[in-house]
Amino acid sequence: MTSENTLDDEDTFKILIATDIHLGYLEKDAVRGNDTFNTFDEILKCAKQNQVDFILLGGDLFHENKPSRRCLHSCISLLRKYCMGDTPILFDVLSDQAVNFSNSKFPWVNYQDENLNISIPVFSVHGNHDDPTGADGLCALDLLSSAGLVNHFGRSQSVERIEISPVLLQKGSTKLALYGIGSIPDERLYRMFVNNQVTMLRPKEDQDQWFNLFTIHQNRSKHGATNYIPEQFLDDFLDLVVWGHEHECLINPRRNEQRLFYVTQPGSSVATSLSPGEAVKKHIGLLRVKGRKMNLQKIPLHTVRQFFIQDLVLSEHPDLFNPDMPKVNQRVEAFCQEKVEAMIEEAERDRLGNPLTPEKPLIRLRVDYSGGFEAFNATRFSQKFVEQVANPKDVVHFIRQKEYKAKVKGEEGVDFGQLLSHSSTEGLRVEDLIKEYFLTAEKTVQLSLLTEQGMGKAVQEYVDKEEKDAIEELIRYQLEKTQRHLQQRGVLTEEEIDQEVQRRGRGGGRHLQQRGALNRAKAHRIERGEDLDLSDEPDVSMDSDEDSAPPPPTRGRGRGGRGRGQTTARRGRGAAEPKPAGRARSQKASVVNPTQGRNIMDAFQAAPQRPSRGAVSAKSYTDEVSPSHSPSLLAL
C-alpha cells in the first residue's frame, strides 16, 4: 500500500461526491433549524482539507424550489468561504463549454472566469426539489451559477430527445468524461429511454482511454411500472454512476452484472423522513481516478443528527400482554416507553466523544398493533420526551398490517390464505407460487397441455417485464402445436383426443414452448412499435418441470429492478458519429467494446465475480476504503 502523498500525484483526480443535501429543511424548527447548514459546512470543509480537484453534487442541494433568503444567504456564504481562493486548478476542460453550460449567461467553467478566484470548482445537476420552473425555466442553481459559485450542468430543455454531452476533463494523463442529467419526471424519462430518445455522446478519439462518470437524480427503486429508471437503461461504456435522489446511504459501489458498471448511492446528508432508509449512517465519498482505475473512500459525517428507529409488533409478545388483558393499553404504553428510553440511552453512548454531533437524537418507534390491540394517545406519549429528543411530536407511530383471512377458498377448493401467507411466499419466485398452486389444486384444475414451470415463466414475464402477450402467446402456441399433432395422428373424437393428450404427456415435445411464445410476444411488440429487449438474460427453455435453482436475492428496495428490457441499439457513440436506425443487438458483438480489456479499481483484492457476457472482460472493483486508512491505487 502506497502513501497518500505518492497516491495523489499530478495524474490523479480527487473528487468529493455528495447528493441530497436539502439545504433549508426544517430551517424554522427551534431544534433542527441549523442541521442542514452545519452539515453542508462539514462537507465543504472536508473538500478543502482533502484538497480535492472539484466537488460533484448529485442534485437537491436545496429542499425548497424557492429557497428562503436565509437559506440562499447561508449557501452563498459557505461556498464563498470554502470554494474561493488562490489555490491553482490543476485540470483542464477539453470539451465545448458553450454546449456543456448552454443554459448559462456565462457558458464557461467558473474557475476560468477572469473576474473570479475559484479554488474548488463545484459541478452539480439539479434535483426534483430544486428543478427549473416558471416561464424562464430558472432554478436556485442558476442563481449560484450566475454568481460564479456553481457549474450547473446536465440540464435538458427538450421533451422529445435528450443528448447528454459530457464535460471532458484532463489532469495530467488522466481523461475524465463527466456526464450528468438533472431530474426529469420518471415516467417521461422512462418513456424516452424506451423509445431510444436518450443519447450519450462520446469523444471521437481514444474512446477507451476515458473514465466515464455519470450523475443521475431519479428513482432507483421501483415505485411503479414506469416510475423509476432501471440501471439496465444506462449505457454499458460507463464506469461509475453516482445516483442521487435515493436517501439511503449505499455509498459502497456495487457492480451491475448486466451493464458492467458500478453504482454508488451516497444518500442524503440529512434525514427528511423518519423511515428505516434514513437511519443508515450518513457518508460522503472521496473518489480518486487515475487513468482507468478508481477507488472510493467513504467519509462519515459527524454533524448529522442521530436517528434511531425500531419496530415493535405487539402480537409477538403474548407473554407480556394480550388484547383481552385488563388495562392492556397501560401495559403497552409502559413497554413502549422502555423501548424509547433504551434508544435514547444508546444514542447518548454513541454520541460520546464526538462533540460535533447534535445532542438531541431523532427517535421513532413503529408499533404494529394488529391482532385486536388499540392505539394509545401518541401525542401525549411523545410529550414525555420533549427535553430528550429532537422530534417530540412524533416519537411513536402506529401501523396495522393487512390481515389475510386464513380460510378463504376459491371455487376449486384452493386455500388462497395459506398460499399467500407471509411464511409461504417469503423468498419464493413466481414459478414457485404457480407450481405450489397447481400442487394444492383439485384434479379438475390441473394443467393438461401446459407445464407449471412454463406458466410460471409466462406470468413472471408479465409481472416483471410487462410482457403483456406472454400468457396469451404461451397458450396459443401450445394449443396450435397440439392441434397440429392431433391432425397428424388423425384424432377426431373427444375420447380419442383425451387419450392422445394423456399418452403424449404434459412434458413431451414442449420443451421450447416458453421460448417460442415469448418470441411471438416480442414480435407483436415490434409490430406495435415497441421494439424492445431490455433484458440481458437468455431465453430459458422448458426441458422439464424440475425445479431450477433460484437466483441470488438482491439487496435493497428492489433497486435496479427489471425494466421492460434493454435497448437493442447502443446509445453511446461519438459526438459526430451517425447513429444507425434500428441497430440490432446481434450487430453489437462485432463492434469493439471500449470496456474490453480494462481493469477498474484493481487496487484491492476484489471478490470473484461471475462474468455477465463472454465477449466483454469484467471490470474489477474493490470494497470501500476505511477512512482510517489511506486508500491506495496499486500498480499505477
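Biologist: Is F381 buried or exposed?
Modeller: This is a predicted model. In it F381 is buried, with a relative accessible area of 0%.

Biologist: Which ring does F381 pair with?
Modeller: F381 forms an aromatic pair with F385. The centres are 5.5 Å apart with 65° between the planes, and the pair is edge-to-face.

Biologist: And F385, buried or exposed?
Modeller: F385 is buried, at 2% relative accessible area.

Biologist: How many aromatic pairs does the structure hold?
Modeller: The structure holds 17. One of them joins F321 and F373: the ring centres lie 6.0 Å apart and the planes stand at 85°, so that pair is edge-to-face.

Biologist: Where do F321 and F373 lie?
Modeller: F321 is in the loop between β16 (307-313) and α7 (328-351), while F373 is in the loop between β17 (362-368) and α8 (378-382). The pair therefore ties together parts that are 52 residues apart in sequence.

Biologist: Why does F373 count as buried?
Modeller: Because its relative accessibility is 5%, and buried means under 20%. F321 is buried as well, with a relative accessible area of 3%.

Biologist: Which rings are linked into a cluster?
Modeller: F13, F54, F91, Y111, F123 and F153 are linked by ring pairs.

Biologist: Changing topic to charges. What lies over the face of F237?
Modeller: R202 does, at 4.1 Å from the ring centre.

Biologist: And over the ring of W243, what sits there?
Modeller: The charged end of R220, 5.8 Å from the centre of the W243 ring.

Biologist: Now helix α2. How many residues does it have?
Modeller: Helix α2 has 15, residues 35-49. From first C-alpha to last it reaches 21 Å, close to the 21 Å expected at 1.5 Å a residue.

Biologist: How many of the α2 residues are buried?
Modeller: 11 of the 15, so α2 is mostly covered, given that buried means under 20% relative accessible area.

Biologist: Which ones are the buried residues of α2?
Modeller: D35, T36, F37, T39, F40, D41, E42, I43, L44, C46 and A47.

Biologist: Which residue takes a positive phi just after α2?
Modeller: Q51, with a phi of about 50°.

Note on methods: Residues are numbered from 1 along each chain as its sequence is written. This is a predicted model: local features need pLDDT of at least 70, side-chain atom pairs count only at pLDDT 80 or more; totals for chains, interfaces and linings use all residues. Side-chain values use heavy atoms; hydrogens and water are left out. Helices (H or I, at least four residues) and strands (E, at least two) are DSSP runs, numbered from the N terminus. The expected span of a helix is 1.5 Å times one less than its number of residues. Buried means under 20% relative accessible area, exposed over 50%, partly exposed in between (1.4 Å probe, protein chains only). Rings of Phe, Tyr and Trp (its six-membered ring) pair if their centres lie within 6.5 Å; planes under 30 degrees apart count as stacked, over 60 as edge-to-face and the rest as tilted. A charge sits over a ring if NZ of Lys or CZ of Arg is within 6 Å of the ring centre and within 35 degrees of the ring normal.
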